[in-house]
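Here are my notes on the model you sent. Please read them with the structure open.

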Amino acid sequence: MRDLLVMAAYAALGAVAAGLLGALVLRLLRHRSVALSLAVVAVVTVAAMLAGTLSVAWAMFLSEHDLGVVTTVCAMAAVVSLAVTLILGRRVVAGSRALTEATRALGDGAGFAAPDAAPTAELAELGRELAATSAKLAASRERERALEASRRELVAWISHDLRTPLAGLRAMTEALEDGIAEDPARYHRQIRTEVDRLSGMVTDLFELSRIQAGVLPLSPTRMSVYDLVGDAIAGADPLAAEHGVRLVGDGVEPVPVEVDGREMTRVLANLLANAIHRTPADGTVAISARQDPAAGAVVLSVTDGCGGIPADDLPRVFDTGWRGTGARTPPAGAGLGLAIVRGIVEAHHGRATVQNVPGGCRFDVLLPVARAQG
């Protein structure tokens, strides 16, 4: 047992010395090719075995013949291992270069295509991750282009909507200043109306900017959708009466939700105002609320009698500035109401959708069900 321990100690000393030398060489070559590092690892492995063997041979006083045999065996092992290592290293380097070329195309804005037959599982996994990242970047660029186009449209539409009332306000104020207004009180009422509309437009722009910046402050509280719907109907009743539209609550279930009451009231107010403006006189706008166990959500629905939305326009309904094919004049507004609806609903971790129904369309707001109280 003592001799075995002595041989193990000498072998360990020789192997450790070779390993430390190899670690130093690897550190010096850390910025060089992986093929060279693999070759160093192979050489160090054989050198550690040879150093341990020579240490044991010196301690045990082996004959020169036996030492030569052992050295020859180690040398052959070194040659074979070095050859295999170089082959593997060349394959890894080739795969890495192919991945680099493909990644360069990704940086130039082109799509990424992972090279075929990656030499290692790690490079194959890296290629798959880069392909997934490329797809995400492409989708992000597409969203950015769509957002930029939407912003350009919004600027053009806002400019139009501001120019018209401002020109009217200027004409009315000049008429009042010159004393040629036949009915000054009517002019004052009209000026007040235009100012209120412009103030609402500015408020919508400010709200939308906070939503898009992700800084919309929310104070969720537990409440019943029955109360939300009741408040929304009460607020929209005067507008519905002005347009000769019937406003009804159609099957409102008292389901609890955790929402910011002020912001969610704004969502329903925007949906109801949009529905009332698009529904002909003597038409009906219905609002309902129900729990959908399958979706795990509370569904608030507003159904109008607008006659339906063209299929090509449905995906753009909630885009900033979208107003369909209607005239870009009041009461169409700046096309921000539905964009604000989507932003507020998504801030509540919900979802807003639209679909055509017989005679009109239905806007659905899906909100998470309130957690059960303990």
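1. Val 317 sits in the loop between strand 5 (297-303) and helix 8. Helices (H or I, at least four residues) and strands (E, at least two) are DSSP runs, numbered from the N terminus. Val 317 is buried, at 0% relative accessibility. Buried means under 20% relative accessible area, exposed over 50%, partly exposed in between (1.4 Å probe, protein chains only). Val 317 and Val 354 lie 37 residues apart in sequence, and their C-alpha atoms are 7.9 Å apart in space.

2. A word on the source. This is a predicted model, in which local features need pLDDT of at least 70, side-chain atom pairs count only at pLDDT 80 or more, and totals for chains, interfaces and linings use all residues. Residues are numbered from 1 along each chain as its sequence is written, and side-chain values use heavy atoms, with hydrogens and water left out.

3. Now the chain as a whole. It holds eight helices and seven strands. Of its 374 residues, 33% are buried. Take the contacts (heavy atoms within 4.5 Å) between residues at least 6 apart in sequence: 70% of them join residues at least 24 apart.

4. What about cysteines? A disulfide is a pair of cysteine sulfur atoms within 2.5 Å. By this rule there are zero disulfides. Cys 306 is in no disulfide; the nearest cysteine sulfur, that of Cys 361, is 3.5 Å away. Cys 361 is likewise in no disulfide, with the sulfur of Cys 306 as its nearest, at 3.5 Å. Cys 306 is partly exposed, with a relative accessible area of 26%. Cys 361 is buried, at 2%.

5. Which residues lie nearest the centre of the second largest pocket? They are Leu 147, Gln 212, Asp 319, Thr 320 and Arg 342, from a lining of 17 residues. A pocket is an open set of points on a 1 Å grid over the protein atoms alone, where a 1.4 Å probe fits, with protein on both sides within 12 Å along at least five of seven lines; lining residues have an atom within 4 Å of a point. About 430 Å³ of space lies in this pocket, the volume being the space filled by probe spheres set on the points.

6. Helix 4 (121-178), helix 5 (184-212) and helix 8 (337-347) each supply at least two residues of that lining. Helix 4 gives the most, with six residues.
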